[in-house]
Structures are given as C-alpha cells and as structure tokens.
Amino acid sequence: MTTTPTPARPAEPRARSQSQWSVVRRQFVRNPLARFGMVILGLLYLTALLAGFLGPYGITEYSTSDRISWAPPTHIHIRDAQGQLRSPFIYGVKRVVNNETFRDEYVENKDVVCPINFLTSRETASYRFLGFIPSTFKLFGVGEGCKIYLWGSDNLGRDQFSRIMYGSQISLTIGILATVISVVLGLVFGGIAGYFGGLPDSLIMRFVEVLSAIPGLFLLITLRALFPINANPLLVFYIVVILLGVIGWGGLARVVRGQLLSARELDYVQAAQALGASDTRVVARHMLPNTATFIIISLSIAIPGYILEESGLSFIGIGIVEPYASWGSLLKLAQDGGFESLTGRPWVLIPGIFIFLAVLGWQFVGDGLRDAFDPRRRS
Amino acid sequence: MVPFILRRLVQLIPTFLLATLVAFVIIQLAPGDFLSQLKENPRATAVQIQQLTTLYGLDRPGWQQYFQWLFNLLRGDLGLSFQYNQPVLQLIKGPALNSLILVGISVVISFAVAIPVGVYGALRPYSFGDRFSSFLAYFGLGIPSFFFALLAIYALLVTQQTTGWDMPIGGKTSGSLPADISAGRHAWDIFVHALVPSIILVLRSISSDSRVIRGQMLETMGQDYIRTARAKGLGDRQVTYKHALKIALLPIIASIGGFLPALIGGAGFVEVVFSWPGLTPMLLSAFFNNDLYVLMSTLAVSTLLYIIGNLLSDLLLAAVDPRIRYT
C-alpha cells in the first residue's frame, strides 16, 4: 500500500510544526482530570521519596518500656492552659482504665508539655535522604517524654503516620515494577507470537488463554504457596512483584500480537527483511515502536490495577510482611482487630484512603493519556 | 444448536487440560508433597501413609500422577483434605455455593443498576446526572473493595450504636434465630446477610459496565439504522430499547462468561472482610495449612466454571445477535 505524499504547503512564517509528542502533551495538560491526577500522583510519589524526612519515627521504631498501643491521634494545641496563643505543642499521655469497658484509654497529661520542633534532628532515627544521603533530619518531632502520633499508633505502639509514609514507598514501587515485568513479558511473547506465527503463536496464545482461564486471586494464592510462608521479608517483596507481573502479561501479549500480525504485511517490514535485518532487529527496531502509544496507555492503566492487587494480597496476609509495611498490610490491622474494634479506633482506616488516592490518580492520568493519544477525542 | 454446543465443548477441552496441567505443575513445584504434613503427624502410622501413597500414586512418575489425578477429578474424586480429613469435594461444596449466592445477587444488582445508568448517560450525555454517575464510576473503580467493605462495616456499626437498627454485619446466618424456622425465613436471613457484601462486590462491575454501556449506546445511537427506525416513525422508547440497547448490550453479554469466575475470585476480599464462608477464606486457610489438594482442586473447579461461563456467553451472544450463526 502506498500513500500519496501530502503536498508541501508554504510554511507560514510564525507557525511551528508540532510533533506527535507535543500535540499529546498539550492535549494532556488541557484535560483538568489528568492535571488533577498528576497533582495527586506527584504528591504521593514525593511522599514516598521523602518518607524518612516526613515521618517523625522509623518504620519499626517502638518503645519497649512504655508501649502505647492503639493510641488515638495526638491532639495538637496552639493555646496553652491560660488561653494564650503559642507555637504548636502537645501534651504527654497517661493511661487510664475505663471502668465501664475495662479498656485502656489514653488521656492528656497536662503536666507534660512538649513543643513541636520543626526541622529537628533525631540521632536515633537515621535514614537515607532520597535513598542515599545519610540524614537524621526530620520535618517535625517532639522532645523526650512525649510521642506525637498524628494518625494514632498500632498494636505495638508504632506511629501510623510514619508507617504510612514508609508504606507508600512499597505500595507505589510495586505497582511500577510489576507493570514493567508484565510489559516486558507481554512484548516478548506477543512479539514472538505475532512475528513468527505458526506453532510458537498457537502455543503462546493457548498459554495466555489458560492464564486468563484461572481466576487471578486463586492463581496468586496457589503460586504464593510455592514459596515458604515465612520467607525473608525482602524476598517476599520480590516474590510479590514477580508473581503480579508474571500472571498479568496475557492481555498485553494478545494485543501486541494482533498489531504485529497486521504490521508484518506492511511494506516497511518487508523492506527491512529484504535488506537482511535479523528477526530480532525487525521486531524490536521496526515493529514494536509502532505499538509505543498503545504500551504507554496500557502502562498507565495497568499500574493502578497492580497497586490494588498488591494491597489486596497484603491485606489478606500473603503479601508484604513485617517489618515492611504497605498500605494494604497496614489496613490489615483494621481487619485483624475484629468488627467491634473499628468504632473504637477508626484511624486504622487511614491507609485505605492512600490506596484510593493512588489508584484514582493513576486512573485520571491513564484516561488523560488515552484521550490525548486518540485523535478522535482531540478538542 | 446441539452440534454448535458440542463443537464449542470440544474446543474447550485443550484449554481445560492445559489449565489443569498448569495447576498440577505448580503444586508439584511446591516444596513437599500431599503427604508431608501427614508424615509429621505422630498418629499417622507407616501403613496408613503407605496406603495413601499408593492410593494417590505418589510413588509413580509425575505424568502418571497427573493422569491419575485428572481421572479422579473427572470422576468427582478431588482428593483428601488433610486439614479437615475429609474429601475435598465435600469440603468445597458449601463454600462454592456460598460464593455463588454472593455472585448471584451481585449479577442481578449489577444489571439492574448498570443498564439504566448507562442508558441514561447515553441519552443525556454531559448532563448533570451523567457527569455525576461518571464521577461515581471513578470512585467505584478506584476504591479497593476491602477498604470499602471496612468503611461500610464502620458506618453500619455507628448506625447500629446510635439508632439500634438491626442490620446484620458479617457471617452468613444469625446465630440467635431458633433452629426450627421455615425455609423461607432462613433464606431471608441469608439474603439479609449477603446484601451488604454483594452491594460492595458489585460496585466495581456497575462502575465499569455502566461506562461501557454508555459508550456503546452513544455509538449505536449515531448509526444509520437508528435514523431509519426513527424515519419509519417508531417511538423513542422503541428505538432506544428495542433497536439500540439490544446491540449496545452485546459486549456486556459477551463478558457474562467472565462474570462467574471473576466474581468468585473477586468476591475474595469482601468475603474475608465480612467473614462470609465462601471459597476465598477456605482457600486462604488451605494455603496457611499447606493443604495442597484443596488448592489444586479449587483451581481446577474454578477454571471449569470459567470455561462453562465462556460457553454460556457464547450461546447467549448467538441467541441475541442474529449476525452470529450456529453453524
């Protein structure tokens, strides 16, 4: 098939030609939902990057001597007992037993006053700023004698705010890593199936069909059974990433195959073959770039799916394990306490809001990209 | 019609065989075999273990074991659960039925809500109602089912404490009911328990289906044959529902097959949160107790369900779409 070249129009002096990418970028930026999604994601990924700086405590930090389990969110005061305005401060807590419910409750101990220090340094909680600069600087913190729990504490008395900050690192990376794995697998297998056809094609496509025939959650649980339940926590992280990626490439492979099957007959592919290019070169350099648009869109649509799956797995206890935390495993605490505990400590539900925001952000961005690449939807 | 079904069935055999093979290989790769737990049980005698080993053919090469397992599977013998010491078939019957109750209610709710919402969105695009429903759809797709379930439980608990409203939370039946209640009352009890989890379960499919139906309807309403129908003087109602909706629903009908297994699999998290005695909680307990036959058989059975579901949607599609012939 040949196309007639469009006659070159005399260029207007001021008009600048637009590449495909600049058109897409403009369309994307003009979409309010996509912009909103970008802002949410920007903030969340910034949180993940600065987790050590934002969270006043370390991820596993808790006191062995005076454990404050299930402390409610600390109240921050700006007026002292006399009603005078002053810089933010908190009171210490003391434990009292509620005589009606016989549960421990924490009330403010007005004798202990701890001012909140901003940009403070805590020697005991060193971390790596941006992942490589050793640092002890924290955005805020309180002195000895007090604990600041912005969003309450968990059963071991660990600060939920800090744990959510650290959890964002795992929740947000897993989505991306798993997507990368599934895209690579999808491209390789879809490429092989679409380019060679015949036996490799039917074998791969049969396998994809089988993968999609087994319910995903059950397959994940069964595959997870291949590895010891109490494996090294870091190993478990990689297992989860790989499992998510390995069972998710089918859809992409199917579409890549379809696109390559039609591209195989096109002139430029035959020209490349006639010039003696190897199979790998023809697929990787000439045919796959043609599917770039599609891949970018499916990436941004796949990531929220993986974030949801990971949080689900961690929620039912077969994903991320202690001492690491992801939003899903933090939310597991809400489930473990039983129904009645929820009304007593609703702040354990906060991690769920983060999952929701991350998924929503990616959805907005994914939809925005899809619309921006689609010429029919351009405004 | 019958040859069509038969031919589809024959085409499905390789997929099923391959799926069971994958399940079998995965389980074979897992450390230990079906008896390694039993062997550590001090009450199990060497004779017993020897018997079971020959019974399940564990002393034979892998491919023979596979065919033996498959043969047993086709006869309905799914092996033995070591955790409960009873046949797997007995064990998964109840949970599978419970999962299907949730799925059944969900499917009904999903269609009852998604179709009107989608059609409304297509008939009045970009109206307030349409924008509002697409906003809700984003919400429904973004919120994890287990988080929403926890939120719902929290809201229900708070309402219960303040108003004393007797809405059951969690479980499948209330223990306080007397044992000799009528079947109808019993079914109502189960239904009331299943209602909240089903609604949460269905949120996702309503969100995505209503969007799909809206898009399809918008596209169909612009087709020539719709204009022809209007030109003939047909009423709005007839054009919308008889001509346009029938075609717009095709992709939804094609996806019904995916509904069966997806909802059973996807019911998972909600079942766990609401302690609904379905397949996923059972599977999780099997996972934590290394109960391999249970895992493998559930995988095989749910794959079978998926394949049956696909066949069903093929048949439905052929029944609805006159362009598809049985031949």
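Strand E1 of chain A and strand E2 (residues 85-97) of chain A run antiparallel and are joined by two bridges; strands here are DSSP runs of at least two residues and helices (H or I) runs of at least four, numbered from the N terminus.

The model is predicted, so to speak of its local features pLDDT must be at least 70, side-chain atom pairs count only at pLDDT 80 or more, and totals for chains, interfaces and linings use all residues. Residues are numbered from 1 along each chain as its sequence is written, chains are lettered from A and ligands numbered from 1 in the order in which they are written, and side-chain values use heavy atoms, with hydrogens and water left out.

Stepping back, the open sheet has four strands in the order E1-E2-E3-E6 (chain A), with antiparallel pairing; two strands pair if DSSP finds at least two bridges between them. Strand E1 (77-79) and strand E6 (137-142) of chain A are at the edges with a single partner strand each, so one side of each has no neighbour in the sheet. From one strand to the next, the twist averages 40°, using axes fitted to C-alpha atoms and angles from 0 to 180 degrees between N-to-C directions.

## Where the chains meet

Contact (heavy atoms within 4.5 Å) involves 44 residues of chain A and 50 residues of chain B. About 4300 Å² is buried between chain A and chain B, 81% of it from carbon and sulfur atoms; buried area is the accessible area (1.4 Å probe) lost when two parts are put together, summed over both. A:Phe218, A:Phe339 and A:Phe356 supply 16% of what chain A buries against chain B, more than any other three residues.

Between the two chains there are five residue pairs in polar contact, both residues at pLDDT 80 or more. A polar contact is a pair of N or O atoms within 3.5 Å; within protein, one must be able to donate a hydrogen and the other to accept it, and residues adjacent in sequence count only if both atoms are side-chain atoms. Among the elements giving two or more residues to chain A's side are helix H5 (198-213) and helix H11 (292-315) of chain A, while H14(A) gives the largest share, nine residues.

## Salt bridges

B:Arg211 forms one with B:Asp130, with the closest N and O atoms 3.6 Å apart. This pair links distant parts of the chain, 81 residues apart: B:Arg211 is in helix H8 (residues 183-221) and B:Asp130 in helix H6 (residues 128-142) of chain B.

Technical notes:
Salt bridge = Lys/Arg side-chain N within 4 Å of Asp/Glu carboxyl O.
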